[in-house]
Amino acid sequence: MITKELEMDCDLAIKYIKENVNIHDILELSYNRVFTPGEVLNVDTSEYNGKEGLKVLIHVSEDTFTSTVEVDLEEIKDELIEITHIPKNKDEKTVILIERCEI
């Protein structure tokens, strides 16, 4: 598998997800002290309360439990540390290291 590492701020990471992540891709989110790995079930870029939104529905892949969580990436973008994106049916992986955004 080809691995590509990118460094970007949280706003560019949000833009990357909007433009590149599709349903059934694998997305691993590391934010604050949370790690959320799993298959993307939905990407919602609707506007919420007059602001651009980005919510990702992930089917969490864990050995001890299975669950589905919705992560509002616009809400937690300042806490993002790392994102790994593995597109479905491709032999590539993108690891994004997040630089702190201006608050």
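Visitor: Which residues have the most contacts inside the largest nonpolar core?

Guide: Please keep in mind that this is a predicted model. The largest nonpolar core holds 22 residues, and those with the most contacts inside it are I17, L27, L29, V56, L73, L80 and I83. Two or more residues each are given to this core by the helices α1 (10-20) and α2 (73-76) and by the strands β2 (26-31), β6 (55-61), β8 (80-86) and β9 (92-99).

Visitor: Which element gives the largest share of this core?

Guide: That element is α1, with five residues.

Visitor: Where is K55 placed, and is K55 buried or exposed?

Guide: K55 lies in strand β6. A residue counts as buried when its relative accessible area is under 20%. The value for K55 is 18%, and therefore K55 is buried.

Visitor: How should I describe the chain as a whole?

Guide: One begins with the elements and their order. The protein chain has two helices and nine strands, and along the sequence they follow the pattern β-α-β-β-β-β-β-β-α-β-β. The radius of gyration is 13 Å, close to the 13 Å that the globule rule gives for 103 residues, so the chain is as compact as a globular protein of that length. Along its principal axes, the C-alpha trace spans about 35 × 30 × 25 Å.

Visitor: What percentage of the residues is buried, and what percentage of the contacts with a separation of 6 or more joins residues 24 or more positions apart?

Guide: Of the 103 residues in the protein chain, 37% are buried. Residues 24 or more positions apart account for 48% of the contacts with a separation of 6 or more.

Visitor: Let us turn to pockets. What is the volume of the largest pocket, and which residues line it?

Guide: The largest pocket has a volume of about 200 Å³. Its lining consists of Y48, N49, K51, E52, G53, D72, E74, E75 and K77. Both β5 (51-52) and α2 give two or more residues to this lining. By residue type, the lining divides into one nonpolar, two polar and six charged residues.

Visitor: N49 is among the lining residues. What can be said of its backbone angle phi?

Guide: N49 has a positive phi of about 50°, although it is not a glycine. N49 is found in the loop between β4 (47-48) and β5. A residue counts as exposed when its relative accessibility is over 50%. N49 is at 81%, and therefore it counts as exposed.

Visitor: Where is N89, and is N89 buried or exposed?

Guide: N89 is in the loop between β8 and β9. N89 also has a positive phi, of about 60°, and is not a glycine. With a relative accessibility of 73%, N89 counts as exposed.

Terms used: Residues numbered from 1 in each chain as written. Predicted model: local features only at pLDDT ≥ 70, side-chain atom pairs only at ≥ 80, totals over all residues. Heavy atoms only, no water. Core = buried A, V, L, I, M, F, W, Y, C linked by side-chain atoms within 4.5 Å. Buried < 20%, exposed > 50% of the residue type's maximum accessible area, 1.4 Å probe, protein only. Helix = DSSP H or I, 4+ residues; strand = E, 2+ residues; numbered from the N terminus. 1 Å grid on protein atoms, 1.4 Å probe; cavity = no way out; pocket = protein on both sides within 12 Å on 5 of 7 lines; lining within 4 Å. Points joined across faces, edges and corners; volume = space filled by probe spheres on them. Nonpolar A, V, L, I, M, F, W, Y, C, P; charged D, E, K, R; others polar. Rg over C-alpha atoms; globule rule 2.2 N^0.38 Å. Contact = heavy atoms within 4.5 Å.
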